[in-house]
Structures are given as structure tokens and as C-alpha cells.
Amino acid sequence: MNKKHSLGYDFIKGLFKENPVLIQLLGLCSVLAVSNTAINSISMGLAVLFVLFFSSFVIGLIKNIIPSQVRIPSFIVVIATFVTIADLFFKAKFPDISKALGPYVPLIVVNCIILGRQEAFTQKNPLLNSLFDALGMSVGYIIVILALGIVREALGFGTVFGFRIFGSWFHPLIVMILPPGAFLTLGVFVGLMNWISSKRRA
Amino acid sequence: MRLEFRMVVVLTLIAIFSGFVLSYTYISTRNDIEKNAEMAKKNALVKVLPATKDYEEKIIDKETTLLIAKDENGRIIGYAAMTEGAGFQGKIKLMVGFDNTLTHITGLEILENVETPGLGNRIEEDWFKEQYQNRVPPITYVKGKKPEKENEIQAITGATISSKSVVKIVNAAHEKLRTFLKINPSSQPCDEDSSKIGEKTDKEIKTIIEAIKELVPETKEITKIDDIFIVQDSGGNKIGYAGIGVGEGYNGEIKIITLFDISLKHLKGIKILEHCETPGIGSKIEDPEFLNQFTNKVLPLKEAEIDVITGATISSKSLIEIVNKVYERIKKELKK
């Protein structure tokens with residue numbers, strides 16, 4: 001058993017100290033793939049928040065009746081259920097965003113952040129702590145993917161959330177909205193994060 | 001034993017519960033999702049065939065659906081194909097519209113693509129899509145220069161494969177529609193060289209005489225001197241001059257007959273003999289409402305005097321030009 005923390009700590013740790021993307025380097029597939037514009041980033045982030053929160057909620061409720069031998073398939077079924085709900089919701093209400101996100105919403109099923117949190121946290125902690133952990137991790141994910149989205153959209157299209165931020169002199173760097181742009185930006189972010197943590201430790 | 005049993009029961013219960021939740025979600029979102037797909041289809045159809053009021057759907061094969069576009073009177077104004085094919089990185093799904101003879105492309109819309117952002121996905125840009133308008137399939141593409149022929153489009157620099165894919169999908173769709181609808185493109189009127197003025201057959205002369213009579217009912221006799229038709233009433237008085245005019249429309253040649261009064265000051269009216277303008281758009285030059293505008297206008301015609309047809313400015317202006325050309329010609333010949 002992990003030692004118990006306060007609810008606040010369980011929330012906060014996801015933002016910085018245990019940030020799922022920058023520190024744990026989990027769920028990078030979707031982070032790299034859909035962070036080409038800010039609106040795609042925030043949509044993807046909200047989908048992850050929805051899935052992670054409700055999966056943690058349901059799994060937190062039923063964790064005691066699941067035999068540990070079948071916990072992974074059980075978790076996956078629960079996660080897949082919420083992912084499908086999110087996917088259908090996007091398709092019904094926001095068809096354009098659904099088109100832009102493509103297969104990455106259904107792929108949240110295999111996003112390691114979600115399953116990882118169930119394995120590493122929800123299983124072993126009280127329900128309420130799990131919910132705060134889920135929120136913290138999701139918000140940590142949203143912050144990073146949104147920051148990536150803003151930087152890439154600004155440099156790659158010259159816009160943020162579709163609003164032009166640079167004058168006509170600006171020549172868009174197409175590479176920023178292509179996969180290499182994702183890796184470059186994420187690399188810089190992870191580097192910055194490591195630099196900040198090492199400064200703090202020193 | 002007990003553990004195995006529990007494993008099965010728990011997993012089954014979770015799966016059943018999940019099944020219920022998903023069925024419910026599916027049913028409650030299904031209408032919206034279908035509506036979205038329908039809307040996307042309709043929007044694309046109106047973009048490729050703007051005069052569409054109603055349509056009918058026919059599935060040709062797994063990839064291709066035929067949409068028969070109709071106007072408010074139920075007349076078929078064109079056909080569109082919703083189809084897909086391989087692009088550079090994945091499937092490209094598009095809709096392409098044709099006129100009702102499958103001769104010209106009326107428009108192109110890209111529905112889905114996963115081409116490289118900034119390069120291949122520029123096939124979604126308007127300038128690229130608009131190039132297809134009024135082209136005659138099968139299309140070919142040119143690189144790095146302006147397209148010259150009526151079946152050429154310019155490929156996107158740095159995205160030749162994506163451009164080529166679109167061309168290929170469009171041509172395949174055209175071929176499929178042709179086979180499916182059994183329309184032979186050579187039967188359309190505008191491709192052959194139109195006969196030169198002065199080499200008219202009897203049949204043509206007949207239609208011209210009928211057209212003149214329609215414009216001026218009191219016509220009794222028509223005499224042809226060179227290219228000029230002199231119109232006389234029953235008393236043998238000259239009541240006007242008529243002439244044939246040919247000019248470039250939007251899709252091809254437009255041939256009209258123009259009738260002037262005896263003093264060559266006013267236009268009595270015009271009539272369209274031949275044209276191949278886009279059905280539903282340019283073809284509106286045939287509307288009596290539009291043609292009546294030309295009656296009793298002072299010569300030479302000024303562009304400001306005629307209200308052009310929305311969406312068919314080129315076709316409309318072309319008529320004005322033709323009228324003035326005929327006017328100049330007749331004026332010169334009468335002076336001789």
C-alpha cells in the first residue's frame with residue numbers, strides 16, 4: 001500500500017511533480033499526434049479528462065469485487081466504455097473536431113495514462129483520493145498538450161485558437177505542424193522540465 | 001474453483017453493463033450522427049452543384065455513391081459522385097459534381113483526407129478545387145505552369161502525388177458514373193467545331209426564321225443579304241435587321257440571333273440558338289426573364305443596362321458582347 005496523502009497533494013502532484021507527459025512520459029502518442037492546433041489539444045485533453053475521471057470513479061467503486069487475475073481486462077472494458085461514449089459524443093455534437101482528432105479519441109483506450117493510473121493508484125487508494133488523482137493527472141495532461149498546441153499552432157499557422165497573432169510578415173513554419181514539430185517542441189518542454197527540477201533539487 | 005467462477009462472473013457482469021451503457025449512448029447519439037453525415041453530404045452537394053434543391057441517392061459500389069441533383073421542378077441538373085481513393089498518406093474522400101451530360105465538372109469538394117498538413121492537404125484549398133470547375137474529364141495535371149487545355153489542372157507544388165490522386169479519383173468517378181448512367185460523352189453538342197456563319201443548312205435557316213418570327217410576330221418576309229436578314233411585314237415595309245452572333249461563353253460557344261430596328265438605334269430582342277453553359281447556372285441565360293431585358297435597349301448595349309445573372313456573370317456579359325459585335329457588323333455592312 002502507498003502511504004496516504006492529502007486530497008490536495010493527490011491533485012497537485014499530477015500537474016508538476018508527477019506530470020504524466022513531461023515526467024512519466026506516458027500517453028505520448030496522442031500528445032504528439034493531435035497537438036498541432038490549440039483547439040484539437042483542448043478537445044483531446046477534455047476527452048482524456050472525461051475518460052480518466054469516470055474510469056477511476058467506476059473502477060474505484062468496483063475494485064474490491066474484481067479478482068486481481070482479471071483486473072486488466074476489467075479495467076480495459078470500463079475504459080473502453082467511456083472512450084466510446086466520448087467518441088460518440090464528439091461525433092454527434094462536434095463533428096468537425098471529431099474529424100480533426102481522427103482515430104486518437106478511440107485510441108485513448110490504450111493510452112497508458114488511463115490504465116497506468118488504475119494500476120498504480122485507483123487500485124490501491126480510497127475512491128476520493130483516486131478521483132483527485134485522476135483530475136490532477138488529466139489537468140497535467142491538458143496543460144502540456146495545450147501548451148504544445150499553442151506553440152505549434154502559433155509557429156506553424158501563425159494563429160492561436162484560429163485567431164491570427166502575427167502580422168503578414170510572418171511566414172509559417174510548416175514543420176511545426178508536422179510530426180517533427182511535435183517531437184521538437186515536446187523535447188524542449190521535457191528538457192525545460194528537467195532543468196527546472198534539477199535547479200530545485202540543487 | 002471458486003476463484004475461476006468469480007473471474008468469469010465479474011468480467012461478464014462488467015461486459016454486460018458496458019454493453020447496456022453503450023447501447024443507450026449509441027441510440028441517443030445516432031440521430032445526431034446521421035444528421036451530421038447527411039448535412040455534410042448536402043453541403044458538399046450544394047457546393048459542387050449550386051442549383052440543387054433535391055437529390056436522389058444510388059449506391060454504385062462500395063466506394064462510390066451517385067447523387068442525382070435536381071432543381072425545384074424535379075429536373076435533373078447534374079450528377080455528383082461521392083467517392084474515395086488512395087492519397088499520399090491515406091484515403092481521400094471527395095465529392096465531384098458533373099453537369100447532366102457528364103461533359104463538364106461543375107465542382108469539387110474534399111470531404112476527408114489525411115494528407116500532410118501544409119503540403120498534401122492543400123488539396124482542400126479553394127484555388128485547387130476551383131480549377132476543376134468546367135474542366136472536361138478525363139483530367140490531366142501539369143506541373144509548374146498554368147494549365148492551358150480544357151482538361152488540365154495545375155498540381156500543387158510539393159504535393160504532386162496528392163494532386164495526382166485527386167485527379168485519379170475524379171477520373172475514376174467520372175468513368176463509373178458514365179458506365180452506370182450509360183451516358184456517352186460524345187453526344188454533347190459543344191465539342192464539335194461549330195459550323196461557320198454563312199454555311200448554314202436549311203434546317204438552321206428554318207430555326208433562325210422561326211426565332212425571328214417569335215421576336216417580331218408581324219414578320220412576313222425575310223430576305224438574306226450576305227449575313228444580314230432583312231425583316232419585312234405584310235405590307236413589304238422593312239421592319240428590322242437580324243443577324244447571327246457567335247461568342248465565347250463560359251463553357252464554350254454561344255450562338256444567338258439579334259434583331260435590330262430599322263434605324264439601328266434600338267435592339268428589338270435576342271434569342272439563344274445554341275449554348276453549352278453550365279446547366280442550372282449559365283444556362284439561365286435562356287430564361288425569358290433575363291432575355292426580356294434586352295428588348296428595346298439603346299445600341300450599343302452598355303453593361304450597366306443588363307442585370308447579370310447571379311453566379312453566371314461571364315455567360316451574361318458574353319451575351320452583351322455578342323450583341324454589340326453583331327451591331328457593329330451590320331452597321332458597317334449597311335453603310336456599303
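Student: How do you know what span helix 8 of chain A should have, and how far apart are its end C-alpha atoms?

Tutor: Count first. Helix 8 of chain A has 23 residues. The expected span is 1.5 Å times one less than the number of residues. That gives 33 Å, and the end C-alpha atoms are 33 Å apart, so the two agree. The model is predicted: local features need pLDDT of at least 70, side-chain atom pairs count only at pLDDT 80 or more, and totals for chains, interfaces and linings use all residues. Residues are numbered from 1 along each chain as its sequence is written, while chains are lettered from A and ligands numbered from 1 in the order in which they are written.

Student: What makes a stretch a helix or a strand here?

Tutor: DSSP runs do. A helix is a run of H or I with at least four residues; a strand is a run of E with at least two; both are numbered from the N terminus. Chain A has eight helices and two strands by that count. Their order along the sequence is α-α-α-α-α-α-α-β-β-α.

Student: Which residues is A:Leu52 in contact with, leaving aside neighbours within four places in sequence?

Tutor: Contact means C-beta atoms, placed from the backbone, within 7 Å. A:Leu52 meets that with A:Ile113, A:Ile114, A:Arg117, A:Ala134, A:Met137 and A:Ser138. A:Arg117 is 65 residues from A:Leu52 in sequence, yet 8.3 Å away, C-alpha to C-alpha.

Student: Which residues of helix 8 of chain A are buried?

Tutor: They are A:Gly181, A:Ala182, A:Thr185 and A:Leu186. Their cover includes helix 2 (28-34) and helix 7 (127-157) of chain A.

Student: What does UniProt list as "transmembrane region" in chain A?

Tutor: The unreviewed UniProt entry lists several spans, among them 74-94 and 170-196. Positions follow the numbering used here, feature names are shortened, and annotations may be inferred rather than shown by experiment. In the model, residues 74-94 of chain A are 95% helix and 0% strand, with end C-alpha atoms 30 Å apart. Residues 170-196 of chain A are 67% helix and 0% strand, with ends 31 Å apart.

Student: What makes strand 11 of chain B mostly covered?

Tutor: Six of its eight residues are buried.

Student: How do you know that strand 10 and strand 11 of chain B pair?

Tutor: Two strands pair if DSSP finds at least two bridges between them. Strand 10 and strand 11 of chain B have eight bridges, in the antiparallel sense. One example is B:Tyr241, whose bridge partner is B:Phe260. Strand 11 (residues 253-260) and strand 12 (residues 266-274) of chain B have six bridges and also run antiparallel. There, B:Ile257 partners B:Lys271.

Student: Why do strand 8 and strand 13 of chain B stand at the edges?

Tutor: Take the order. Six strands of chain B form an open antiparallel sheet, 8-9-10-11-12-13. Strand 8 (221-225) and strand 13 (297-298) of chain B each have a single partner strand, so one side of each has no neighbour in the sheet.

Student: How many residues of chain B are in contact with chain A?

Tutor: 20 residues of chain B touch 23 residues of chain A. Helix 1 (residues 2-48) of chain B gives the largest share of the chain B side, 16 residues. That side has 11 nonpolar, six polar and three charged residues. Ala, Val, Leu, Ile, Met, Phe, Trp, Tyr, Cys and Pro count as nonpolar, Asp, Glu, Lys and Arg as charged, and the others, Gly among them, as polar.

Key:
Two residues are in contact if their C-beta atoms, placed from the backbone, lie within 7 Å. A residue is buried if 20 or more other C-beta atoms lie within 10 Å of its own, exposed if 12 or fewer, and partly exposed in between; C-beta atoms are placed from the backbone.
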